[in-house]
Structures are given as C-alpha cells and as structure tokens.
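Please keep the sequence and the model at hand while reading.

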Amino acid sequence: MSRIRKALIWMNLALAVLVIAAGACRIRVNHLVNAESMNIKKTSGIKEVALTFDDGPSPECTKDLLEGLKERNVKATFFVIGEKAEAYPDLIKKIQDDGHIIGNHSYTHVNLGILSKKDACEQIRKTNDVIYQITGEYPQFLRSPFGSTQKNLDCQMNMIEVLWDVDPRDWEVQNKEKVVNKVMTDVKDGDIILLHDGYDSSMLAAFEIIDRLQAQGYEFVTVDKLIFELP
Ligand SMILES: [Zn+2]
C-alpha cells in the first residue's frame, strides 16, 4: 500500500472523527478524492462504480435521465450548478426524492482556480445555500469545474472534493457509441465515471453503460458509499 493511500485512509478516519467531534461547528476540509483512495476501503468483493453527472440540472434531459435510472434501480451523484438549481428547483427536489446525492459544482461554472479566494468561496457558498433552500440539506461534496481548485482554499465549509477516474469527454463527442466504448474500455472496480446530464447522447450512453456493467456484476453506488466505506 502506497504512502499516499495510507495517508488518505487516515485522512478519512480523521475526517470522520472530526465531523463527530465538531458537532455543529464547521471545519475546514480540503481533500481530493478519486478511486486511488477508494479501492483499498472496499471489503465486499462486489464490483462497484459511481456514475456522476455534472452541469445540470437540465430542463431537457434530467427528468428522462432520472426515469431511466429509476427503471434500472441505480443511484447516482449529481454535481449541479447553483444558478441552474435556482432556475429548476423542481428537478433538484426530484433528484433528492429519487435518492441520489446532490453535490456542488459552483454557482456559474467558473474556474475556481483563477478566482480570488473570496470569490471562489462565494461561488461554493451561494450554491450550497441554493441547494439547502430546496432540499433542506447542505451538500457534502464539491466538484470544482474543470477539476480546477486552488491550494489552501479555506471557505470554512465542511466539504469533500470529489474528482473522477473515467472521463469519456461526453460533452465534446456527443456520440453515444463513443462514450459507451470509452467507458467500457477504461472502467474498473471502484471507479468514478464522469458524465454530463445536458445531452441525450450522454443519457443514452449512461443507460447502456449501466445495462452492460450490471450484466458483468457491477453495482452502481453514490460517491459517499465509496469514500466512507471503511475497512
Ligand atoms: Zn462542469
């Protein structure tokens, strides 16, 4: 086990202890997570992957996507944009009601890495507030647009940053077959798959990926299940 992996386990354990100890207090967490930190925590032997959908909610696609996920009994994680959440609160509520996880993807989809610390925190805080007003829950997870964040960003918010392992660049190719093939080639146990819920091709690709991976014995879980599954 690499030193980085060991460090990540201890960071997760320390986080769990801090969250319990902190109670209502807000603590700083600046923690990047991907599959490298997850595989070692898996104990079940069951192959697991997490589907994540960024940049929504989308008035064109999210409803149909939710329908297809429900039919397949799959829970996913949606990293939503604050201003879109504000515009389509019913979709956010439906994502929550269907049992998916809602994460923060900034308020206007900006590169947090090049903003002032104050403005970057404002993007995150504003989105958290919008999601809270709709769902009654603050999101625990953050995915910075473009995976771009900045060192030592201390927004005094208790959040975990989640990256990804498999990226078929679905927003760029907008082709179901290409997206499916890329994911099926690259995916392995414990991976986080990055898709976007604003494209029909991505939605149809997601359904085919689910059907094919389920046939191979994979289970689809939300990112929290992978991150907090301790040995
Ligand atoms: Zn994005």
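Which residues are the protein donors of the zinc ion? They are D55, through OD, and H105 and H109, each through NE2. The model is a predicted one, and in it these donor atoms lie 2.0 to 2.1 Å from the zinc ion.

## Zinc site

Along the chain, the donors of the zinc ion follow the spacing D-x49-H-x3-H. H105 has a relative accessible area of 2% and is buried.

## Overall make-up

The chain has nine helices and eight strands. It comprises 231 residues, of which 49% count as buried. Contacts between residues at least 6 apart in sequence were also counted, and 78% of them join residues at least 24 apart.

## Strands β3 and β4, and V80

Strand β3 covers residues 77–80 and runs parallel to β4, with four bridges joining the two. Strand β4 covers residues 101–104, and both of its faces are covered. I101 and G103 are buried on one side, and I102 and N104 are buried on the other. In a regular strand, side chains alternate between the two faces of the sheet.

V80 lies in strand β3, and its bridge partner in β4 is N104. With a relative accessibility of 1%, V80 counts as buried. Leaving aside residues up to four places away in sequence, V80 touches I102, G103 and N104, among others. Its contacts also include the zinc donor H105, as well as G56, P57, T127 and I131. The C-alpha atoms of V80 and I131 are 9.0 Å apart in space, while the two residues are 51 apart in sequence.

## Strands β2 and β7

Strand β2 spans residues 48–54 and is joined to β7 by five bridges; the two strands run parallel. One of the pairings across them is that of T52 with L194, its bridge partner in β7.

Is β7 mostly covered or mostly open? It is mostly covered, with five of its five residues buried. I192, L194 and H196 are on one side of β7, I193 and L195 are on the other, and all are buried.

The buried residues of α7 are V179, V180, V183 and M184. They cover an arc of only 120 degrees around the axis, so they are on the same side of α7. An α-helix has 3.6 residues a turn, so residues three or four places apart point the same way. K178 and T185, on the other side of α7, are exposed. The buried residues of α7 pack against α6 (170–173), β7 and α8 (200–215).

At the N-terminal end, α7 is capped by N175, which has a side-chain oxygen 3.0 Å from the backbone nitrogen of E177. D191 is found in the loop between α7 (176–186) and β7 (192–196). D191 is buried, with a relative accessible area of 0%. A polar atom of the D191 side chain lies 2.9 Å from the backbone nitrogen of K188.

## Cysteines

How many disulfides does a search of the whole structure find? The search finds one. C121 and C155 form it, with their sulfur atoms 2.1 Å apart. The torsion about the S-S bond of C121 and C155 is about -85 degrees, so the disulfide is left-handed. C121 lies in helix α5 (residues 117–135) and C155 in the loop between β5 (141–142) and β6 (160–162), so the pair ties together parts that are 34 residues apart in sequence. Both C121 and C155 are buried.

C61 is another cysteine that is buried, and its relative accessible area is 3%.

Conventions. Residues numbered from 1 in each chain as written. Predicted model: local features only at pLDDT ≥ 70, side-chain atom pairs only at ≥ 80, totals over all residues. Heavy atoms only, no water. Buried < 20%, exposed > 50% of the residue type's maximum accessible area, 1.4 Å probe, protein only. Polar contact = N/O pair within 3.5 Å; in protein donor to acceptor, adjacent residues only side chain to side chain. Disulfide = S-S within 2.5 Å. Pairing = 2+ DSSP bridges. Arc of directions from axis to C-beta. Contact = heavy atoms within 4.5 Å. Donors = N, O, S within 2.8 Å, 3.2 Å for Na, K, Ca; no water.
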